[in-house]
Amino acid sequence: MTAPMGIFRGRGVALALIAPALAVVGLFFVAPLVMSGVVAFRGKGGEFTLEHFRKSFDYYTTDLLFTLAIVLLSTLLIGLVAIAIAGYLTLGGHPRTVAVLRWLYRWPLFIPFVVAGQLMRTFLAKNGMLNHVLIGSGLIEPLSAQSLLDWRGIVVAFVWKQAPFVTLLLAGAMAAVESQHIEAARNLGARRLRVLVDIVLPQVRGTLLVGLVLSFVTMLSVLSVPLMINPNSPTMVTVDVAYRISTHGDYPVANALCLLSLALAAIGAVFYLRHAAAQVEGK
Amino acid sequence: MKTRMFILAAALAFAGATAGQTTLNVVTAGDQNMVDYVNNYLAPKFEAMNPGVKVRAVGTGPGDGGSQKIYEKLSAQQKAGSNEWDVDVAVIHQLASATMVKEKLLMPYRNDVSVGKLVSRDTAKNALGADVDGYVMPMFHSQIVFAYNPDLVKAPPKSFVELNDWVKKNPKQFGYNGVKGGMSGVGFVTGWVSAYSGMGDKLEKGPYDASAAPAIDKALSGLKEFNQYVVMTPGNAGTLDMLNRGEIAMGPVWVDMFYTWQADGRMSPKIKLVLPSPGLPGQPMYYVIPAKAAHAQLAKKFIELAESPEVQADGIIKQFNWYPGIDPQYVQPKLDQAAWNKLFTDISPADLSKYGRPFPLSPYFKDIVEGYERVVLK
């Protein structure tokens, strides 16, 4: 008699324990998502319609492609920068440089996107700091200075902001790689780059992928950076969503655009889940 | 945006909880300077005149989006059947005022306040074609104008036609912020369409005629070609920044932002203004009282102070470089000549009344900005 009661009681406690978390997820994530879906497919009279998606594609196909291109390019560059920094932190031969680099690279982690956008706005302008430095050091002629406040500015801001995050994950994973592997390769005469590419990277591939997927999804949702650097056409979908709402009060098209960017984010989620599944199976 | 709503809600909740005194909640759309104006300038004056009253100003963000949030908040309270709304005075844009009057979210009050008869401009009665007579009083007017660098531009173009020739001779010297980066760019676009569609009056006065769309699109296709010779700037402030750094020689700006930046030393004092023919739009911000404001009587007193000639002279013109919301003839006697002249140095009152236009009616406005996305950006 007592055993089933105990199980029941245990289950009740377990349910009670996860209820707040479930409620938060349901209330703040699932419900808005469902509502967003409903609004995106609902016409003026409450009927089902694809009109808002037709309009989204009609007006914003370029911006959707632009968003995807920007975010993919940034993800690629973030990967390269993170591998370079984490690789040096793990394999670098000069302790002082490693220490300085370790201290420096995390700084952008603590700077919000909106501040990064503001920094880039003055840094990358035609008569901004970057060009002043380049002209001052004689690297470029004043007349050939150009503004980088277009897609390049957005990519620079994203890479600058997100690379440290991936580096942080990657450097941790690299530190956990058995040092014997590295030493064995070095003893057999392998150069550092070769050790990085052939020995270390394959072992931390999973972590790198996770870091990049998380960055990919984060960058898709950033409004402040494109808004501050390049809100004009083509621009990122987040700007269009904000614009539909604030200028037109047009929630249906804004929601349709949100669902479309969700579809883009789903590409990242697929990679993430496949990796997670592979890891579970591996174990 | 959600954060903003949260702060708004939190601030109002906190305001309500403060015991022992009455709190007048002023919610304002617009940039931070609007909140500063109420908190730092109006509130101390009003609190000194009304012991036991505390004024609390909350901002909802720039542009029509800021007004949209106020509209959503009031509309939610209306739908909830609440009898005391927690906004006493709101400061909103024209577009939202039309909607809010239509949905009975506002209280008619202009005839109840002594300053009601000091307003003279058409905008006190008509907001983008909608009848708002009695429900609103303009807090100030602002105007979009071209700012230019006289070192680079000796003879600034005086009309849109001249501008079109000028950019072809001086490519990449004119900059504006499109339609997604703030109202100075939007105003430039509607000004362009007024000039090139040949239907300026109809756009402003109506009636709305959907068959005008081809004429609007045709004007916009000219703008598409024009855009090849210009620089796109990141926002209202972006245009000012680029002018100040010498990256562009000319661009559309809000006159009040321009003067404020100059007063703060963020804009070269050399830069000058010109208002081209057939005109650029400007707009007021309105003081309104929600239909079921908890402290409606106090709200009226607050607006009486804010619209008094003294406050309009010292606060609106002298400190914030806006054009007055009430008739200038009542304001001028309260102002020293230097301050008056400063506001009208580059653009005379005559030019302002001739070329300072309202924005197009809201259905036309929508056709124009959506047309811009369809015709110019694609």
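Two residues are in contact if their C-beta atoms, placed from the backbone, lie within 7 Å. By that rule, the contact between the chains takes 21 residues from chain A and 18 residues from chain B. This is a predicted model: local features need pLDDT of at least 70, side-chain atom pairs count only at pLDDT 80 or more, and totals for chains, interfaces and linings use all residues. Residues are numbered from 1 along each chain as its sequence is written, while chains are lettered from A and ligands numbered from 1 in the order in which they are written.

Start on the chain B side of that contact. Here α3 (63-79) and α16 (362-376) of chain B each supply at least two residues. Helices (H or I, at least four residues) and strands (E, at least two) are DSSP runs, numbered from the N terminus. The side of chain B that touches chain A divides into seven charged, seven polar and four nonpolar residues. Ala, Val, Leu, Ile, Met, Phe, Trp, Tyr, Cys and Pro count as nonpolar; Asp, Glu, Lys and Arg as charged; the others, Gly among them, as polar.

Now look within chain B. It is divided into domain 1 (2-141 + 283-347) and domain 2 (142-282 + 353-376). Such bounds come from an automatic or database domain assignment. The domain centres, taken over C-alpha atoms, are separated by 27 Å. Domain 1 of chain B gives 16 residues to the contact and domain 2 of chain B gives 20. On the domain 1 side, α4 (94-102) and β6 (137-148) each supply at least two residues. The largest share, three residues, comes from α4(B). That side has eight nonpolar, seven polar and one charged residues.

Chain A has its own assignment: domain 1 (1-41) and domain 2 (59-282). Their centres lie 35 Å apart, over C-alpha atoms. Four residues of domain 1 of chain A meet six of domain 2 of chain A. The domain 1 side has two nonpolar, two polar and no charged residues.

Turn to a helix pair in chain A. Helix α2 (residues 51-91) and helix α8 (residues 192-220) pack at an angle of about 140°, with their axes 8 Å apart. The angle makes α2(A) oblique to α8(A), because angles under 35 degrees count as roughly parallel, over 145 as roughly antiparallel, 65 to 115 as roughly perpendicular and the rest as oblique. Axes are lines fitted to C-alpha atoms, for helices over the stretch in contact, and angles run from 0 to 180 degrees between N-to-C directions. Residues of α2(A) in the contact include A:Val71, A:Ile78 and A:Ile83, and those of α8(A) include A:Arg192, A:Leu208 and A:Phe216. By class, this contact has 14 nonpolar, eight polar and one charged residues.
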